[in-house]
Amino acid sequence: MRIPLYNIFGDNYVKQVAIEAGKYEILRNAIEIDDNLLKEVLKIAGDIAKSREEKIKNKIVNILPLSGNDKKAWEKILKCYNFGNVATLSEVLYKFSPEAEKCNVDTAPSFVKPEFYEYARVPGIPGGSKSKMSVDGSYLVVAAAGWVLTRLGKVKVNEGNWLGVQLFTTTKSNLYKILENIKYIPGIKPETAFAIWIADKIINVNLNVYTLKVYLISDAAGQSPTTIEEGFVLDLNKLLTNKEMINDDIVYIASDALNIDSNTRNYSAKIINLVYEVISGSKRIEDLLYFANRDLIMISESNDESIPLLKRISRYANYLSNVATFS
């Protein structure tokens, strides 16, 4: 199936579906995906979507965040492909066929164009100008599948503020396999702690994912469109090459460093950053041992809450000095 590309953020979702399909060709303004492999990936995305929908009881839901304006565009997709006005996202992904007749939507929903702000007004034009972005229906369906496959969940970034987390890879990864094992994301910063936390999940399902593109998304709701808040790249090569450095203790410390409500967060963040310096070779393991076994013990004298954490840190530092040979 040939799916047009529009040089907008949603292209990332479509390309991720193609990457997971494993057989595709990027053309000048489109991407060609093998029909049978595309159907398989849509089925996987449909299964994930259905699992999430079943957790919301007593009503038919669309787990794809849509603003009021977005819903109008999505309803056109449902009508165009004869899915029914109340079709769930999983039903759309299950029923869509690469052989379906061509369908166009005159205004793309904001989840595929979060780089446009103020209800689809074009940035950089004084006073704004309505964005007349017509997109192919197949693009939106496949992009929705990509959204499901890359959606890690939502994370609390400050009091009362939650952002969606989307993860993209550059090679076939089956990264979606970690989704069923993640019930809660402890946080997103510092990035070093998030790298350790996500690397542990990747190791647990035995995937080969060495680079991740991470985007923090403010989801559409009410009259507010989807917007991108931040993006960064994680290089997991050192962590996954040296798997012995990741155990329950360092994952616990990383989770504490990510938790914005933790009173011991600063201690954990110092340890996580020091561990990274040890791995990179700019610090010695002895420096980590010293910090864990002396400096933090001194700090604990004025903060009893830190004692369980200090035991983890000290145990991990000693463990690392005995088993780690960094490559």
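Residues are numbered from 1 along each chain as its sequence is written, and side-chain values use heavy atoms, with hydrogens and water left out.

**The whole chain**
- The chain contains 11 helices and 9 strands; these are DSSP runs numbered from the N terminus, with helices (H or I) of at least four residues and strands (E) of at least two.
- Of its 327 residues, 50% count as buried, meaning under 20% relative accessible area with a 1.4 Å probe, protein chains only.
- Take the contacts (heavy atoms within 4.5 Å) between residues at least 6 apart in sequence: 70% of them join residues at least 24 apart.

**A sheet of three strands**
- The strands of this open sheet come in the order E1-E3-E2, with antiparallel pairing; two strands pair if DSSP finds at least two bridges between them.
- Strands E1 (2-4) and E2 (24-26) each have a single partner strand, so one side of each is left without a neighbour in the sheet.
- From one strand to the next, the twist averages 20 degrees.
- Helix H1 (residues 10-21) packs on the sheet and touches E1, E2 and E3. The direction of H1 makes about 25 degrees with that of E3, where axes are lines fitted to C-alpha atoms (for helices over the stretch in contact) and angles run from 0 to 180 degrees between N-to-C directions.
- E3 (residues 30-33) pairs with E2 over 3 bridges, and 3 bridges also join E1 to E3.
- A hairpin of 3 residues links E2 to E3.

**The nonpolar core**
- The largest nonpolar core has 109 residues; such a core is a set of buried Ala, Val, Leu, Ile, Met, Phe, Trp, Tyr and Cys residues joined through side-chain atoms within 4.5 Å.
- Helix H5 (residues 137-150) gives the most to this core, with 10 residues.
- Phe 194 is among the residues with the most contacts inside the core. Leaving aside residues up to four places away in sequence, Phe 194 touches several others, including Leu 152, Ile 188 and Leu 258.

**Confidence**
- The average pLDDT (the predictor's confidence in each residue, from 0 to 100) is 87 for the chain, and 89% of the residues score at least 70.
- Among the elements, H5 has the highest mean pLDDT (97) and helix H10 (residues 285-300) the lowest (72).
- Where pLDDT is low, the predicted coordinates should not be read in detail.

Technical notes:
This is a predicted model: local features need pLDDT of at least 70, side-chain atom pairs count only at pLDDT 80 or more; totals for chains, interfaces and linings use all residues.
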